[in-house]
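Let's take a walk through this structure together. Have a look at the picture first, and then we'll go through it piece by piece.

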Amino acid sequence: MSAFLSLLHRELRRIFHDEGLLIFLLLVPLGYPLLYAFIYTNEVVREVPAVAVDMSESSVGREYLRKVDATPDVRIVGRMANMDEAKRMMQKGEVYGIVYLPSDFSVRLHTGRQAHVSLFCDMSGLLYYKALLMACTDVSLQMNKELQTEGLVGLTDRQIAVSTEPVRYEGIALYNPQIGFASFLIPAVLVLIVQQTILLGAGLTVGTDKDRRLPLSVIFSRAVLVARGVAYFLVAMATSAWILVAVPHLFDLPQLADAVTLLLFMLPYIGACILWALCLACWVPDRESVMLMFVFTSVPLLFLSGISWPGASVPPFWKAISYLFPSTLGINGFVRINTMGATLREVSVEWIGLWGQAFGYFLLLLGICKYISVRSGK
Amino acid sequence: MICPMLFVRLCRIAGRECLRMVLMPRYLFGMVLPPLVCYALFTTLMDAGLPTRLPAGVVDLDNSFTSRQIVRNLDAFQHTDIVAHYPSVAEADEAMRRGDIYAFYYLPQRMEEEILSGRQPMVSFYLNYAYLVAGSLLYKDMRTLSELADASVVQAGLYARGAEVWQVRPLLQPIVVEAHPIHNSWLNYSVYLNNVLLPGVLSLVVLLVTVYSLGMEVKGRSGHRLLCLAKGNVGVALLGKLLPQTGVFVGLALIGNVWLYGVLHFPLYSGPLPMIVASVLLVLASQGLGVFLFTLVPWMRMAMSIASLWGVVSFSISGFTFPAMAMNPALQALNNLFPLRHYFLIYTNEALNGNPTMCIWTAYVALLCFALLPLPFVGRLKRMLLSHQYME
C-alpha cells in the first residue's frame, strides 16, 4: 500500500512539475473551454445584412420589406434599382441576401393571383440562409393572413379567425430555448476536451519516459500504470468539475443536470477515457509526437459523436467505429444529462457502454503490459 | 557559379530530409495519414448531403381520420421518420431524453371535432434543439405540415362556398417566398462543411509537422550538420528542409481538391485554378506560420502546443460554421491571424460563388504574408539550430 502511495505521489508530483503535463492536464482544461464559449457566446446570428430590389414600387411591396427589416434576424441595408447592383453588393460581401420583388408583385396580389418574392442567399454560411428564409417566410405568412381577411366582408372577427386559421399550431423549442449555437455545441466540446487532455497527458508521459530511455518494462509496469491512472482520475475529476459544471454556468448555457446523476455518469466516462488513453499512449514514440499523433483527432471525434451531424444519420460503419471512443457515449450522455435533465435511467445505454469500454480497455492494457513484460523478459 | 552550387546544396538537404521521413515512419505517417483519414471520414460521413429520415414520435390523442392522415403525411416528409406513437406527452418527452427521437408532434383530444365546429384546436410540435441540426430540420417539416393542414381545411371551406380551383391557391397563399440558395440549392451539408474542414485538417497537420521537424533537428543535435550542408546559409537549409514536406502536403492538397471537385462534383464556379492556388498558398502559409512559431518560442513542445491551439481554433474562429459576424468584434479582428480564415474567404468567393478573383485579392495576399512570415527571423533560426538547446 505504501509502495502504491509513493508511486501515486510521484505521478501527482510529475503532473505539477512537468510543464508539458501541467499545460495538458490543467491549463488547457481550465482555459480552453473559456475560449470556446467566448467564440460562440452570442448563440445566434442577428441582423443578417440583405439588400432589397423592389421592382413593384408599390405600397404593399414596401410594407413587405419594412416588415422583413423589422425582424430581429434580418437588416435591409439598402434598396437597389436592379439585380446587377444588388449582385455587386453581394460579391463584395456587404450583404448575404437579396430580396427581390417582381414588377407585378402588387398587381398580382390585387387581381387575385399569387405573388412571388424571390430570395437569393449567399451559401457561405447556413445560418445566414436560415435567418433570411425564416424572416421572409414569417412575414409572408403574417401578411397572407391579413390579405385573406381583407377579402372577407361582413364577417365577425371570430368568423375571420376560424376561416383563415382553422387549426392553430405552435412549435416548442425544448432544451435550447433560444435555438442557440453555443447551447448546442459547447457541451459536446467540453466533454471532448476532458478526453483529449487526458489522452495528450498520458501520451506525453510515455513519450518522455521513452526519451529518457527508461526500459519498457519500467514504463509499462502495472504498478506505475495503476498509480498513474489514479492520479489522472483525481486531477480529471477536479478539472471536470470546472469544465462541465462551472463553465456552462459562467456562460449561461442550459444546465439541468442533477448533481448525483452527473457524478455517477462521470465516473465511468473519466475511467474509460483514462484506460483508453493509457492504451493509446503505448504507441507514442517520443515526447513531442504526441501532438502530431493525437491533436487532429478532436475534429473527427466531434463529428462522429452525432451532435452536429445527427447520430441517426451516421453511416453504420462510422457508427461502429465511433463506439470505440469514450467521447461518443460521453458526449451524448452528458448532453442529455446536462442540457435535457435526463436521469441515469434515461442514459443507461451510454452509462453501461462506458463501463463496458472501461472494462475492455482495462483488459487491453493488461494484455499490453503482459506482452511487454514477456518480450523484455526474453 | 553560385547558383548551381546553391542548387546542389538545396538538393542534398532535400535528399537528407526525404531520408529522414523514410527512416522515421511516425513522421511520414503523421503527415499523410491524418489528412487522408479525415478526407475519407468526413466525405463519407456526410455523403447523404442532408440528414434524412430523422426519428420522430407522435402523440395522437385524437385518433381520428384527420389526425391519422396528418401523421401519415408527416411520415412522408423528407427529414421525418415516425418511429413511435406515445400515449402521452410525458412519455414522448422521456423518449426524447433517452435519445430515441429528436422531436414529436402532438395532436390534442377532439381535434377533428373542434375543427369541424370552428373552435380552432391547437396542435403543437416539440423539438429537441440540444441537437440543433436535427431539431431545425424537423422543425421545417413539422411547420410546413401544420401550414398545409391548416390550408387543407381552409381549402375545403372555400370549395364549399363555391370558389373555383384557380381561385383557391391565391386565396390560401397570396404571397409565396421562393428561396434560391445560390450554388448549393439543396443545402448540402457536405458542401457547406467539407470544403473548409478538409483543408483545415491539412493546415493543422502542416503546422504541427513543420514545428516538429525543425524541433527534431534541435532535439537530435543535428542542426549543426544541417547548416554545414547548407554552408552556413540558413535560407538554403530551411528551404531544403521544408521543400520535400511542401511536396507531400501540396500532393495531399491536390488529392483533396480532386476528391472534392473532381470526384464528388462539389460546386466549382471559378474553375480549378483559383482553388489549386489557394490550397498551395494555404500549405505555404501554414508552413510559414509553423516556422514563425518555432522561432518565436524556442521550446519545441511549447511551440507545438501553440501550433495545436492555432490549428484547432481555426475551425471555429474562421467562421464557416458559426458566422464571424455574430462573434465578438475582438474575435472578428483576431480571425485575420488564422490562415484558414483567408482560405475560407477565397473558397466562398471563388469556388462557391464564382466571383471575380479581384473581389478577394486581399485574402491571397494575406496567405502570402503568412508564407513569408519567417523571413525577418532567419538569423534567430540559425542561432537556434546551432544552440542545441532542447527543453523538455
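A quick word on helices: here helices (H or I, at least four residues) and strands (E, at least two) are DSSP runs, numbered from the N terminus. The expected span of a helix is 1.5 Å times one less than its number of residues. What you're looking at is a predicted model, where local features need pLDDT of at least 70, side-chain atom pairs count only at pLDDT 80 or more, and totals for chains, interfaces and linings use all residues. Residues are numbered from 1 along each chain as written, chains are lettered from A and ligands numbered from 1 in the order written, and side-chain values use heavy atoms, with hydrogens and water left out.

Let's begin with helix 3 of chain A. Its 12 residues reach 16 Å from first C-alpha to last, close to the 16 Å expected at 1.5 Å a residue. Which residues of this helix are buried? Those are V60(A), G61(A), Y64(A), L65(A) and V68(A), where buried means under 20% relative accessible area, exposed over 50%, and partly exposed in between (1.4 Å probe, protein chains only). They cover an arc of only 140° around the axis, so they sit on the same side of helix 3 of chain A; that arc is taken from the directions from the helix axis to the C-beta atoms. On the other side of helix 3 of chain A, you'll find S59(A), R66(A) and A70(A) exposed.

Now for the charged pairs. A salt bridge is a side-chain nitrogen of Lys or Arg within 4 Å of a carboxyl oxygen of Asp or Glu, and by this rule there are 27 of them over all chains. One joins E146(A) and K67(A), with the closest N and O atoms 3.4 Å apart. This pair links distant parts of the chain, as E146(A) is in helix 6 (residues 126–150) of chain A and K67(A) in helix 3 (residues 59–70) of chain A, 79 residues apart. E146(A) is partly exposed, at 32% relative accessible area.

Another salt bridge brings together the side chains of E47(A) and R75(A), at 3.9 Å from N to O. E47(A) lies in the loop between helix 2 (19–39) and strand 1 (48–54) of chain A, while R75(A) is in strand 2 (residues 74–80) of chain A, so the pair ties together parts 28 residues apart in sequence. Both count as partly exposed: E47(A) has a relative accessible area of 32%, and R75(A) has 38%.

D104(A) and R108(A) pair up too, with their closest N and O atoms 3.7 Å apart. There's also a network, in which salt bridges that share partners join R10(A), E11(A), R14(A), D209(A) and R228(A).

Finally, two loops are worth a glance. Where is D252(A)? You'll spot D252(A) in the loop between helix 10 (222–250) and helix 11 of chain A. Its phi is near 55°, a positive value in a residue other than glycine, and D252(A) counts as exposed at 64% relative accessibility. Over in chain B, H265(B) sits in the loop between helix 10 (234–263) and helix 11 (272–296). Phi of H265(B) is near 55°, again positive in a residue other than glycine, and at 62% relative accessibility H265(B) counts as exposed.
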